[in-house]
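Here's a quick briefing to read alongside the structure. Have the sequence handy and follow along.

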Amino acid sequence: MMHPSLTVVRHAIVCSVASLCVLILGCGSGATPSAATTSGTGSLTPTWTQLTGLPAAMTANGAILTSGSDGYLYSEAHIGASGAINVFRTLASSPTTWTDLSGTGLPIAAPLTIGLTPNGTVLLNTSTGPGNADVYSWNGSTTSPLWSKVTGWNGVSSNTIYSFANDSAGYTYFSPAWSGDIWRNDTPNSLHFTKVISNLYAITGGGATGHATTGGLYALQIWNLGDGKGDMIWTCGEGELDNIALTGSAASNTAYLTTAKGYTGNCTTIEKSATTILSIRVANTALDTLNSINIATRTATVHPSTAVRSATSFPNNTGIFEAGVIHWMAGTNFILSAYANGGAPTYLLLSQDDGTTWTDITASGAINSTCTGANLSVGSVVTSHY
């Protein structure tokens, strides 16, 4: 079984340590992004605009961005274990003024992942080093911001927390790698968490080769696909892609991306449109595979990579162990933000046909020439990406 150090990338495109660009698909330029029509499979025209007035902590040290469901764009300054965490936010629709939410209560640690509960409480996963994955919540005050550890979860983890997911009833879920466990708050929007599933692959038997009942979970989503089953967990990592009930009942599970032992490489990304689920599985050979699942028929299709990317193919080495690099926008439109294993080239690709073909949008505007891809991540507010 492989325990990689996945790169946590969340919900934004960061265009170098010294600047931030917004991608506007279909229209306009300037510091304030405008909405573009991206429904259906109509042609899109990507343009980039560089934003100014960024906080010094972002430009000096790089940042991870999150497009929140509350309409704000959040930034975690990536200072690392030698300095304090800096957290900022700005209106995603007009990202010109950044409010410092760092306040008090955060440790000297590395900020990793931001999530929001359904009522808008901001959660921040931090790490002081191997064996630690604490979760802090923000009190919501912009004048006296205070961060406090959530309760129930003690932060003891082999690795980090790669994502938070919410169900339709207001519960929030996460999985600390490499346990395979899934934790949930006790009541909707509460800040006390309890383990509700122990070692998912022990239930499904779909873990990594040679360790078929163990493995970490790197991608976690909760979707109601209108099939009468209600909210279901879609999750994968060091094993198959499982679609299982919130209760973790083995009988409810449907497995995808399997082999005899349920493992062909780490699954790092799950995203969906109204018609298709996309996932990426990476392999030691760097020949990554893009997989699609037809939501209506549940037919799974593998879109193999080529050794040299063609003008419309999916790249074959999208930064091994990089999590969360595909994001759905609207209609059948997806964006990929990744960098190649080893750092170059950088991939900013657009698919307008549910992941079948991909076109390069890196040069579609004035992206700063220092953009290395080291902090690239994906996400959207309406049709704008950062």
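Cys-236 and Cys-267 are both buried, where buried means under 20% relative accessible area, exposed over 50% and partly exposed in between, using a 1.4 Å probe and protein chains only. Keep in mind that this is a predicted model: local features need pLDDT of at least 70, side-chain atom pairs count only at pLDDT 80 or more, and totals for chains, interfaces and linings use all residues. Residues are numbered from 1 along each chain as its sequence is written, and side-chain values use heavy atoms, with hydrogens and water left out.

**The disulfide**

- Cys-236 and Cys-267 form a disulfide with sulfur atoms 1.9 Å apart; the term covers a pair of cysteine sulfur atoms within 2.5 Å.
- Cys-236 sits in strand E17 (residues 231–237) and Cys-267 in strand E20 (residues 266–272), so the bond ties together parts that are 31 residues apart in sequence.
- The S-S torsion of this pair is about -45 degrees, so the disulfide is left-handed.
- Searching the whole structure turns up one disulfide.

**A four-stranded sheet**

- Four strands make an open sheet in the order E8-E9-E10-E11, with antiparallel pairing; two strands pair if DSSP finds at least two bridges between them.
- At the edges are E8 (110–116) and E11 (147–149), each with a single partner strand, so one side of each has no neighbour in the sheet.
- From one strand to the next, the twist averages 30 degrees, with axes being lines fitted to C-alpha atoms and angles running from 0 to 180 degrees between N-to-C directions.
- Strand E10 (residues 134–138) pairs with E11 over three bridges, in the antiparallel sense.
- Trp-138 has Trp-147 in E11 as its bridge partner.

**The whole chain**

- The chain has two helices and 29 strands, counted as DSSP runs: H or I of at least four residues for helices, E of at least two for strands, numbered from the N terminus.
- Out of 386 residues, 58% count as buried.
- Among contacts (heavy atoms within 4.5 Å) with a separation of 6 or more, 52% join residues 24 or more positions apart.

**How confident is the prediction?**

- Mean pLDDT is 82, and 79% of residues reach 70 or more; pLDDT is the predictor's confidence in each residue, from 0 to 100.
- Over residues 9–18 pLDDT stays under 50, and the model has 64 contacts beyond four places in sequence for them.
- Residues 26–41 also have pLDDT below 50.
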